[in-house]
Amino acid sequence: MNPELQNYIETDILPRYEAFDAAHRGDHARTVIARSQSLAAHYDIDPDMVCTIAAYHDTGLADGRERHHIRSGEILAADPVLRKWFSDEQIAIMRDAVEDHRASSDHAPCTIYGRIVAEADRCIDVDTVLRRTIQYGLAHNPALDREGQYARCCEHLERKYADGGYLRLWIPFSDNARRLEELRAVIRDRETLRRRFDEIYTQETGH
């Protein structure tokens, strides 16, 4: 990867994530970058573009969650510094990929770059998904008590991850398919789900 671009991402882009909720801090961005790079190794594509897309994918959260994927694409496209390393065509491809990454999107990503960042952003691990769901609930619905947070957590998991949920996977050799089935098994087993929820909720709240 271009070292100058890498330094710019490290010093100017990733620090922005520290202002977001606990589920979308710098560790999340770095995970998506690493997973994107791993998936991209299977394709003949530009590694600098892959890393840049992953780095910018959630920057739009600064202006709210609902349209963050669109705003993130706008932020990337409007960054004049990126013109040092990328053409207008590359910028357009990266913007489209960032806009396509959202899990609730009603269409498949239009390029391999979009499929990679969308897949990398899934990060399907039972404890990680539960923790991020709980963290988001605590940050955005602080008035809810434990039972309210549990109900919100279950509703989110059912709508996104359960059988028939809106989450879609785009890279056939990713390990996300196996991980998604593991998560679905926990969602179906409400006794296990409640136990794991309570453990993480207590860790996050201290009570």
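**Aromatic close-ups**

**View 1. Phe-197, a buried ring.** Phe-197 has a relative accessible area of 0% and is buried (buried means under 20% relative accessible area, exposed over 50%, partly exposed in between, with a 1.4 Å probe and protein chains only). This is a predicted model, where local features need pLDDT of at least 70, side-chain atom pairs count only at pLDDT 80 or more, and totals for chains, interfaces and linings use all residues. Residues are numbered from 1 along each chain as its sequence is written, and side-chain values use heavy atoms, with hydrogens and water left out.

View 2. A search of the whole structure turns up 5 aromatic pairs (rings of Phe, Tyr and Trp, the last by its six-membered ring, pair if their centres lie within 6.5 Å; planes under 30 degrees apart count as stacked, over 60 as edge-to-face and the rest as tilted). One of them is Tyr-17 with Phe-20, edge-to-face at 5.5 Å centre to centre and 70° between the planes. Tyr-17 is buried at 0% relative accessible area, and Phe-20 is buried too, at 8%.

**View 3. Tyr-150 meets Phe-197.** This pair is edge-to-face, 5.1 Å centre to centre with 65° between the planes. Tyr-150 sits in helix H8 (residues 146-160) and Phe-197 in helix H10 (residues 190-205), so the pair ties together parts 47 residues apart in sequence (helices, H or I of at least four residues, and strands, E of at least two, are DSSP runs numbered from the N terminus). Tyr-150 is buried, with 13% relative accessible area.

**View 4. Around Tyr-150.** Tyr-150, Phe-197 and Tyr-201 make up one aromatic cluster. The charged end of Arg-194 sits over the Tyr-150 ring, 4.3 Å from its centre (that takes NZ of Lys or CZ of Arg within 6 Å of the ring centre and within 35 degrees of the ring normal).
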